[in-house]
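Walk through this model with the coordinates open.

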Amino acid sequence: MQRILTRGEIETLDRTSIVRLITPVADTFSIRAQRLRDIAIDNPIEDYLLLIAQLADAQQQVFAQDWTLAALDETQLAQAQAHGMPPFSASSIKRDATWRAMLSAILEQLLQQTTHSNPLTDAVRNNLVQLADDINNQPELIEQQADDLLNQALERIDAARAPFIMAGLQVYWSQLVAGLESQKIPANTPFGLCPCCGNQPVSSTVMLGGPKEQIRYATCSLCSSQWHIVRVTCTHCEDTKKLAYHSLEEGSAGIKAESCDHCQHYRKIFYLDKEQFAEAFADDLASLPLDILMGEANFYRANNNPYLWQLAEQ
Ligand SMILES: [Zn+2]
Ligand SMILES: [Zn+2]
């Protein structure tokens, strides 16, 4: 593992010209699915990556459907502006029951894929059938499980079910924020949280090409929005002095863990000039060996990838 102690490059561009928010693109989940398939081969968790690729495909199908969601009114947006709060904060807005219909539609897509080249195992199929059943018969249980996931109540989370519930929540929140004009989002929301929905980033990416060249964006683990975070800054505690960059010796130079000796946390960072097609969720998941090394070096993951839940005791 490399340990680079220099602070590296600092952005020298005029920051006022930097695009500060990128809302999810129309094919965000299919890009993720394709990337998962591309990097799954010979990965230590190949089968799991292929399952999540199927899940992302199902998310894309449901994301592309026409759902009617209640938009925020001007008063709510003005309040968010006044208080510097993310307008679609998962902890303050009331979830529409539509998200459960979206989740049901995702599960239906997955369960219908009987002829898929990578069929579901019996264990996964039974898990999904049970989840679909609970959505219909115990919606209050599903709402509680969604709250536990959004609140990171790790002691109560069912790790086998969590990625699927998160998949439904992701589609719902991505639809809520898609097409949102960035000037409606307060400029001074809390550091390290998505300015749209208030959730933590899954990873961050240093962009390539055009006006975003070498600019770093964090990707929201819930709504897939990307927001600008200055490079060489801990995405967890905002420290700028005690950062180090780690990569696997045999791994890509475009995939690193950014660790912080101030808070002892790390998050992955992807450099598109070295790993052009890196995708915030897929590459984070596929670089699990780097998480193992970071754990051995006594750093903590800042938060879970929504598609893989490692609970406190694991
Ligand atoms: Zn978000
Ligand atoms: Zn830190």
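A donor here is an N, O or S atom within 2.8 Å of the metal (3.2 Å for Na, K and Ca); water is not among the atoms, so sites may look incomplete. This is a predicted model: local features need pLDDT of at least 70, side-chain atom pairs count only at pLDDT 80 or more, and totals for chains, interfaces and linings use all residues. Residues are numbered from 1 along each chain as its sequence is written, chains are lettered from A and ligands numbered from 1 in the order in which they are written, and side-chain values use heavy atoms, with hydrogens and water left out.

Start at the zinc ion (ligand 2). Its donors are the SG atoms of Cys-234, Cys-237, Cys-260 and Cys-263, at 2.3 to 2.4 Å. The angles among the 4 donor atoms run from 105 to 115°, and the site is tetrahedral. Ideal angles are 109.5 degrees for four tetrahedral donors. Along the chain, the donors of the zinc ion (ligand 2) follow C-x2-C-x22-C-x2-C. Cys-237 sits in the loop between β4 (226–228) and β5 (243–246), and Cys-263 in the loop between β6 (255–260) and β7 (265–271), so the pair ties together parts 26 residues apart in sequence. Helices (H or I, at least four residues) and strands (E, at least two) are DSSP runs, numbered from the N terminus. Cys-237 is partly exposed at 27% relative accessibility, whereas Cys-263 is buried at 18%. Buried means under 20% relative accessible area, exposed over 50%, and partly exposed in between (1.4 Å probe, protein chains only).

Now turn to the zinc ion (ligand 1). Cys-194, Cys-197, Cys-220 and Cys-223 coordinate this ion through SG, at 2.3 to 2.4 Å. Its 4 donor atoms subtend angles of 93 to 121°, which makes the arrangement tetrahedral. The donor spacing is C-x2-C-x22-C-x2-C. Cys-194, in the loop between α7 (162–177) and β2 (201–206), and Cys-223, in the loop between β3 (216–220) and β4, link parts of the chain 29 residues apart. Both Cys-194 and Cys-223 are buried.

Next, the domains. The protein divides into domain 1 (15–20 + 188–301) and domain 2 (27–177); such bounds come from an automatic or database domain assignment. Their centres, taken over C-alpha atoms, are 22 Å apart. Each domain gives 25 residues to the contact, where contact means heavy atoms within 4.5 Å. About 1900 Å² is buried between domain 1 and domain 2, with 63% from carbon and sulfur atoms. Buried area is the accessible area (1.4 Å probe) that two parts lose on being put together, summed over both. The rule finds 3 salt bridges across this interface. A salt bridge needs a side-chain nitrogen of Lys or Arg within 4 Å of a carboxyl oxygen of Asp or Glu. Arg-32 and Glu-279 form a salt bridge, with their closest N and O atoms 3.1 Å apart.

Look next at Ser-174, in helix α7. Ser-174 is buried, at 0% relative accessibility. Beyond its neighbours within four places in sequence, its contacts include Phe-29, Phe-63 and the zinc ligand Cys-223.

Finish with the backbone. Most residues other than glycine have a negative phi. Gln-214 has a positive phi near 65°. Gln-214 lies in the loop between β2 and β3 and is buried at 19%. Val-232 has a positive phi of about 55°. Val-232 is in the loop between β4 and β5 and is buried at 6%.

Notes: Four donors count as tetrahedral if all angles lie between 85 and 135 degrees; four count as square planar and six as octahedral if opposite donors are over 155 degrees apart and all others between 65 and 115; anything else is irregular.
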